[in-house]
Structure formats: structure tokens, C-alpha cells
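Hi,

Here is the structure I promised to pass on. Have a look at it first, and then read my notes below.

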Amino acid sequence: MKLITAIIKPHRLDDVKAALQAFGVHGLTVTEASGYGRQRGHTEVYRGAEYTVDLVPKVRIEVLVEDDDAEQLIDVLVKAARTGKIGDGKVWSVPVETAVRVRTGERGPDAL
Amino acid sequence: MPDGFSAGDTAFVLISAALVMLMTPGLAFFYGGMVRVKSTLNMLVMSFISLAIVTVLWVLYGYSLSFGPDAGAGLIGNLDFLGMQGIGLNDLTGTIPVTTFAVFQLMFAIITPALISGAIADRAKFGAWALFIALWVTLVYFPVAHWVFFFDKGNGGWLGDRNGVIDFAGGTAVHINAGVAGLALCLVLGKRVGFKRDPMRPHSLPLVMLGSGLLWFGWFGFNAGSALAANGVASMALINTQIATAAAVLGWLVYEKLKHGAFTTLGAASGAVAGLVAITPACGSVSPLGSIAIGLIAGAACAAAISLKYRFGFDDSLDVVGVHAIGGAIGSLLVGLFATGTVGQTAKGLFYGGGFDQLGKQAMGVAAVAVYSFVVSWLLGQAIHKTIGFRVTEDVEVAGIDQAEHAESAYDFSAMGASLSRATPAPAGKTEKTAEKTEVGA
């Protein structure tokens with residue numbers, strides 16, 4: 001199994017979710033996140049005092065998939081998340097040893 | 001009622017008093033939105049407590065010291081009205097009952113120390129602050145109100161009645177007084193931890209807008225009510241208040257756009273307050289056109305003045321000096337230029353053929369109040385700082401003053417926190433064990 005983690009722009013979430021559902025993903029986890037890449041953040045002004053806000057709001061999506069589906073799913077995800085502008089985010093995958101469905105105790109691919 | 005009583009004037013001033021009362025909670029929101037989340041409640045209650053403390057002191061001796069017959073040289077009132085005794089239902093100040101006048105003036109005494117609190121946001125012990133309010137109104141506000149607002153046919157306060165300094169609704173007595181006291185206190189307490197290094201962004205600009213809106217609304221009572229009658233002067237004061245405030249919003253925003261590249265919400269709210277402050281001493285003596293000039297000047301000048309704290313390195317957290325001391329001084333001095341001599345007062349400013357005479361008087365008023373307020377406020381602040389301590393510990397300041405000083409927090413953001421905390425219904429003094437027993441028994 002693989003854990004696919006994607007950091008994307010918040011406004012792309014609905015499209016990404018729809019694309020993943022169309023691909024056949026049954027479940028995913030979404031977290032609000034913040035961070036920056038090469039583009040850095042923005043500047044705010046309060047009564048003349050300027051504050052540089054480094055961290056930009058992002059959404060973090062995590063999906064568990066079987067090994068065979070991983071590459072294709074990454075492609076689907078990247079395509080749905082892309083706007084072509086700076087700050088579109090990152091996607092990566094890591095191997096997962098095991099997964100358990102809490103309700104039934106099923107393990108491995110059955111738990112997905 | 002006795003001869004000379006006016007039901008119309010009385011109704012108007014009573015309503016004005018209620019409007020001015022609303023300014024203090026308005027100020028609390030204006031300031032409360034500008035601090036960080038962790039200190040919101042402290043900022044709100046620092047204003048609110050002034051309503052409680054000053055009201056009681058006003059009855060005990062404040063009214064008497066401010067508006068009792070002069071005790072000598074126009075410096076302070078005597079003690080004839082201690083406990084507000086000896087004031088009958090039928091006693092009049094002008095055309096309104098003395099009690100109406102007293103409650104209207106009480107509202108001024110309440111908001112003035114509350115204004116100071118913005119200079120020491122996030123770092124004052126609440127008990128020390130409460131003590132400061134009590135001492136400050138006694139030694140600074142009550143005497144200065146007597147100097148400026150007490151008229152008794154030439155035997156009243158030394159600035160207003162004896163020397164002709166024009167302060168229609170409190171540019172010197174309220175705003176310069178509070179602004180300079182704010183400077184003194186922030187010098188006594190020192191800078192916030194992380195000043196100039198950590199971002200100290202306002203946590204809620206909507207609260208700031210709400211607060212400035214309430215201040216603007218209440219200010220009509222503050223300025224128009226100061227005519228103490230429902231007449232043409234009150235009407236002119238009200239319209240001038242609206243005009244100068246509008247102009248000051250524009251003045252601040254244009255300055256900001258040119259200097260920093262954005263029209264900010266905080267700038268609009270701050271500009272409104274700067275305009276209100278500046279027109280306060282002038283609203284009963286200038287024309288509507290003069291009000292536009294005063295507003296534009298005050299808006300731009302106060303926007304420029306708030307950078308002083310970075311240049312000189314004092315941490316006036318919410319710009320009490322930049323907005324109230326500078327704004328109040330601008331308004332008071334501009335009376336010396338823009339007073340028409342035809343509105344409420346006969347004195348003419350420089351631009352209306354009055355020469356430098358009135359400008360000189362205004363400058364004297366500004367300087368006298370500023371020097372007295374700074375010296376006494378600094379001494380009071382030091383006395384509290386050296387005895388019971390005025391400042392919370394660094395740990396408390398970093399963690400947020402709300403929980404340490406008030407055992408509360410302004411907002412509950414955490415869904416998880418709710419399931420991790422436990423409500424204990426035990427009354428104070430009971431140990432946890434007895435509390436549990438009570439619960440089981442019930």
C-alpha cells in the first residue's frame with residue numbers, strides 16, 4: 001500500500017475530490033494546512049506597520065491506495081489540482097506497512 | 001420646576017449623556033479588536049471597569065472637585081457637594097437640572113481614563129490598572145475638568161473661564177489629557193515582549209469597525225450635548241462633528257495609500273476617531289468648511305504621527321498618543337485659526353481677523369494640560385510600579401493576559417479542548433474531593 005499526500009490550493013479541493021471519487025477512491029482525509037514554497041507569503045499593513053506573512057493557507061489531502069493504483073492516482077490528483085500558477089503545491093507518496101479498519105478489524109487492502 | 005428650566009434642553013442632554021455612555025463600551029471594542037486573541041478580554045474590561053470606578057468616585061467627591069464652587073485660583077472645586085449632597089431636584093445648571101449636568105459630565109470622566117488603556121495593552125496588571133484609574137481621575141481628571149469646563153462668571157476654571165481657552169467638548173481635558181497620560185504610562189511600563197519583532201496584528205478588524213462606529217455615534221452626544229441646550233450651537237456642533245470625521249477618514253486613507261499602497265480598514269476606523277478627536281474642541285466655534293479642513297489635517301497628521309513610536313522606540317500599543325494627544329492638540333490649536341466668532345463663541349481665529357490672540361491662548365491650554373498630565377501620570381505610574389507592580393510577568397504576557405488575570409478566554413476555538421476539559425461545579429473553597437462527593441450524593 002501507499003500513502004499519497006498532497007498539499008494543494010484550497011480552492012482546488014472540490015475538483016480534486018471529484019476526480020478522486022471518479023477514479024474510485026473510497027475515502028480520504030483533508031486537513032487545513034499552511035506553509036510556503038518558493039513563492040513565499042504576502043505582506044499586510046496595519047497602521048503603517050508592515051507584517052510579512054510567510055505561511056500561505058493550503059489544504060492537505062491524504063489517501064491510502066494499493067501499490068498498483070498509486071502512480072495513476074498521483075497523475076489524476078496532479079491534473080485536478082493544477083492551475084499552472086505559482087503555489088499549486090506538492091504531491092508525494094510513501095510506502096505503508098499496514099492499515100486496519102477500526103470497526104471490523106480487517107487488515108491490508110481489505111481495510112481500504 | 002423653577003424659572004428658566006427647559007424640558008427640551010433637559011431631554012436633549014439626558015439623551016446625550018446616554019449616547020456618551022455608549023462610547024466607553026464602543027471604545028472597548030475598538031481597542032479589543034486591535035489586540036491579539038490572547039488579550040482580548042483584558043482590553044475590553046480595562047475600559048469597562050472605568051464605568052464602575054469613576055461613577056462611584058464621581059458621586060463621592062468627583063463632581064464636587066470638578067464642578068463645586070472654586071476653592072481658589074481656578075485650580076479645583078471645593079467640597080460643597082461631597083456625596084452629591086445638597087443638590088436638589090429643582091437646582092439648575094443653566095436651563096437643565098444639576099443632576100442632568102452631573103450625569104452628562106460623569107460620562108466624560110469615565111471615558112477619559114478608559115482611553116489611556118490602549119497605550120499599555122497586553123501587559124498591565126488589572127488590579128494596578130484599577131488603582132491607577134481611581135488615583136488618576138482624582139489627581140488629574142477632576143482638577144483639569146475644573147480648569148477647562150467650570151464656568152462661574154469669571155470665578156471658574158483658570159483655563160476656560162479666566163483665560164478664554166476654547167475647549168467646547170474636551171480636546172484638552174479629555175483627549176490631550178488621556179493621550180499624554182498614555183505616553184507617560186507606556187514609558188513607565190516599558191515595551192511589550194517582542195515589540196518591533198513579533199507580529200502584533202489586530203485579531204478582529206470587524207470588532208474595531210464596530211467600536212469606531214459606536215464611538216462615532218456616541219460622539220454626537222459628546223459634542224452636541226456639550227452645548228447643554230437643544231439649540232443652534234448644539235446643531236452646529238453635531239453637523240461639524242459629522243463633517244470633520246468624514247474628512248478625516250479621507251485624509252487618513254489618502255495618506256495611507258500614498259505612503260503604504262493600500263486603503264486599509266484599520267486606517268478608515270482610525271481616521272474616523274482622529275477626526276472625532278480633533279473636532280471635539282472646535283465643533284462649537286468653527287464653520288462646516290473649517291470642519292472639513294480640520295478633519296483632513298487631523299486625518300493625515302495622525303496617520304503620520306503613529307509612526308513616532310517606532311522612531312522613538314516607545315510602545316504606545318494602540319496609538320493613544322498618535323491619535324488622541326496629537327489629534328487633540330491639532331484640534332485645539334486649529335480653533336486659534338478657524339474660530340469664526342459667530343457660532344457659539346465670540347473669539348475669532350487668525351483666519352477670521354482675530355489675530356494671534358486666540359491661537360496663543362489655545363497653545364497655553366494645550367501646554368498646561370499636557371505638562372500637568374504627563375508629570376502627574378508618570379509619578380502615579382511609578383508609584384504603583386514600585387509598590388504593587390504595574391506589569392504582569394513575562395510568562396503571563398507571552399501566554400496571554402486573559403487567563404492569568406481574568407480566568408477566562410475570549411473565544412473557544414478548539415473542538416478537541418472541550419472534551420479534554422472538565423466542568424467542576426464546586427463553589428469556591430471546596431476541595432476537589434468534597435466536590436466529587438457532592439456530585440455522587442446528588
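Some ground rules before we start. This is a predicted model, in which local features need pLDDT of at least 70 and side-chain atom pairs count only at pLDDT 80 or more, while totals for chains, interfaces and linings use all residues. Residues are numbered from 1 along each chain as its sequence is written, chains are lettered from A and ligands numbered from 1 in the order in which they are written, and side-chain values use heavy atoms, with hydrogens and water left out.

**Pockets**

Rolling a probe the size of a water molecule over the atoms shows where empty space is left. The search runs on a 1 Å grid over the protein atoms alone: a cavity is a set of points where a 1.4 Å probe fits but cannot get out, and a pocket is an open set with protein on both sides within 12 Å along at least five of seven lines. Lining residues have an atom within 4 Å of a point. Grid points are joined across faces, edges and corners, and a volume is the space filled by probe spheres set on the points.

The largest pocket has a volume of about 760 Å³. Its lining counts 33 residues, with T93(B), F101(B), F149(B), F151(B) and L228(B) nearest the centre. Two or more lining residues come from each of α2 (40–67), β1 (92–93), α3 (98–116) and α4 (126–149) of chain B; here helices (H or I, at least four residues) and strands (E, at least two) are DSSP runs, numbered from the N terminus. The top contributor is α3(B), with 5 residues. By class, the lining splits into 20 nonpolar, 9 polar and 4 charged residues (Ala, Val, Leu, Ile, Met, Phe, Trp, Tyr, Cys and Pro count as nonpolar, Asp, Glu, Lys and Arg as charged, and the others, Gly among them, as polar).

The second largest pocket holds about 450 Å³ of space. It is lined by 21 residues, and H26(A), G27(A), L64(A), V65(A) and L112(A) lie nearest its centre. In chain A, β5 (56–65) and α2 (67–81) each supply at least two of the lining residues, and β5(A) gives the most, with 4. This lining has 13 nonpolar, 4 polar and 4 charged residues.

**A tyrosine with an annotation**

An unreviewed UniProt entry carries the annotation "modified residue: O-UMP-tyrosine" at Y51(A). UniProt positions are given in the numbering used here, feature names are shortened, and annotations may be inferred rather than shown by experiment. Y51(A) sits in strand β4 (residues 49–53) of chain A. With a relative accessible area of 14%, Y51(A) is buried (under 20% is buried, over 50% exposed, in between partly exposed, using a 1.4 Å probe and protein chains only). Leaving out residues up to four places away in sequence, Y51(A) touches residues of chain B too, including D198(B), P199(B), M200(B) and R201(B); contact means heavy atoms within 4.5 Å.

**Ring pairs**

Over all chains there are 21 aromatic pairs. Rings of Phe, Tyr and Trp (its six-membered ring) pair if their centres lie within 6.5 Å; planes under 30 degrees apart count as stacked, over 60 as edge-to-face and the rest as tilted. One of the pairs is F67(B) with F101(B), edge-to-face at 4.8 Å centre to centre and 80° between the planes. F67(B) belongs to helix α2 of chain B and F101(B) to helix α3 of chain B, so this pair ties together parts 34 residues apart in sequence. F67(B) is buried at 5%, and F101(B) is buried at 6%.

W147(B) and W158(B) are also edge-to-face, with ring centres 5.5 Å apart and planes at 65°. W147(B) is buried at 7%, whereas W158(B), at 21%, counts as partly exposed.

**A cavity and a loop residue**

How many cavities of 30 Å³ or more does a search of the whole structure find? There are 2.

Lastly, V392(B) is in the loop between α12 (357–387) and α13 (394–399) of chain B. V392(B) is buried, at 8% relative accessible area.

Cheers
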